[in-house]
Amino acid sequence: MEKKRDYYEVLGVSKDAESSAIKKAYRKLAKKYHPDTNAGNAEAEKRFKEISEAYAVLGDEEKKKLYDEFGHIAFEPGFNADAARAQKQYGYGNFGGGNGQNGYREYHFTGSDGDDIFGDLFGNMFRQGTKGGNFHSGGFHNGSGFYQQFHQGGNDGFYGNHGFHGTYSEKGENLEAEISLTFDEAAFGCDKMITLQEADGNRTLKVHIPAGIDTGQSVRLRGKGHPGIGGGEPGDLLLRAKVGTKPGYERKGADVYTTVNIPYTTAALGGEARVSTLYGDVSCKIKEGTQSGSKIRLRGKGIVSMKNPNVHGDQYVTVQIQVPRHLNQQARRKLMEYKQACG
């Protein structure tokens, strides 16, 4: 039987590697040797099984602890960690440590009820089962001891000599990209065509941008990310919005801010002013004695909510009073009269 390589060596990580580093190494190797991209390559298939087997152990905290303590023997049929520790400490028992012919292992028990031992041993062993694995037992015999044979599965997954088999799959990684939008495209929504550069060429997608999106928010396209591993579902594509500016408008969340210039006489005497909004011009009433810097609130003239199309922000209009730069003689005379009248 071919000797198993150290799992850390298989994944190319050190024994003190963190779980994130182990996972990263596994994903990289699994993608490289996956059968889907290495059709007919027996060596790649062999490496993929070896990589998957290593990650099935090192990627699981409890199994990793067992492996660090006992090595490969921890996952052989019938291994009992407590018994193995007792053997180390007290020097008795035969709970793992050598393979019999054709995958059989013999256990000898004295001074105990056979049924209880059977339940303890195999209950403990089945609790050590690998994620996604299926156990098949058979071939029990009475006599000086009893035997158990574990049958491995077909050619649809990875296999080990650990008494388990299964297909290991993992969702693909998400893909992130930035999409530039004009102020109005973000405010009202739009459909855009984007091109993604990939290893095997470019991919063009049509993307719907919901109305109300803001800089930093993302549109998720499910299943458009990196392909999954071992038949796992693909990851998602996250498009992060970058919204441009619009002259005369400032956006803060769902609200927009603008300014309007009104004549000095309108501010003093009152009247109306024409104000531009995202939805067209509106006429606003100017109260008599309006001061420069005053704000007018236009309800519902802001940005629509992404979550509720019936909800809009507001528009806040700052009033700026125009001071005449040049006065004709008549206007100057009237202004002087006003000044004298006001004392």
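Rings of Phe, Tyr and Trp (its six-membered ring) pair if their centres lie within 6.5 Å; planes under 30 degrees apart count as stacked, over 60 as edge-to-face and the rest as tilted. Ring pairs of this kind link Tyr7, Tyr8 and Tyr67 into a cluster.

Colleagues, this is a predicted model, in which local features need pLDDT of at least 70 and side-chain atom pairs count only at pLDDT 80 or more, while totals for chains, interfaces and linings use all residues. Residues are numbered from 1 along each chain as its sequence is written, and side-chain values use heavy atoms, with hydrogens and water left out.

The count of aromatic pairs comes to seven. One of them is Tyr26 with Tyr55, stacked at 4.0 Å centre to centre with 0° between the planes. Tyr26 belongs to helix H2 (residues 19–33) and Tyr55 to helix H3 (residues 42–58), so this pair ties together parts 29 residues apart in sequence; helices are DSSP runs of H or I with at least four residues, strands runs of E with at least two, numbered from the N terminus. Both Tyr26 and Tyr55 are buried (under 20% relative accessible area, with exposed over 50% and partly exposed in between; 1.4 Å probe, protein chains only).

I turn now to Glu170. This residue is placed in the loop between strand E6 (165–166) and strand E7 (175–181). Is Glu170 buried or exposed? Glu170 is buried, at a relative accessible area of 15%. Leaving aside residues up to four places away in sequence, Glu170 touches, among others, Tyr26, Arg27 and Tyr55, where contact means heavy atoms within 4.5 Å.
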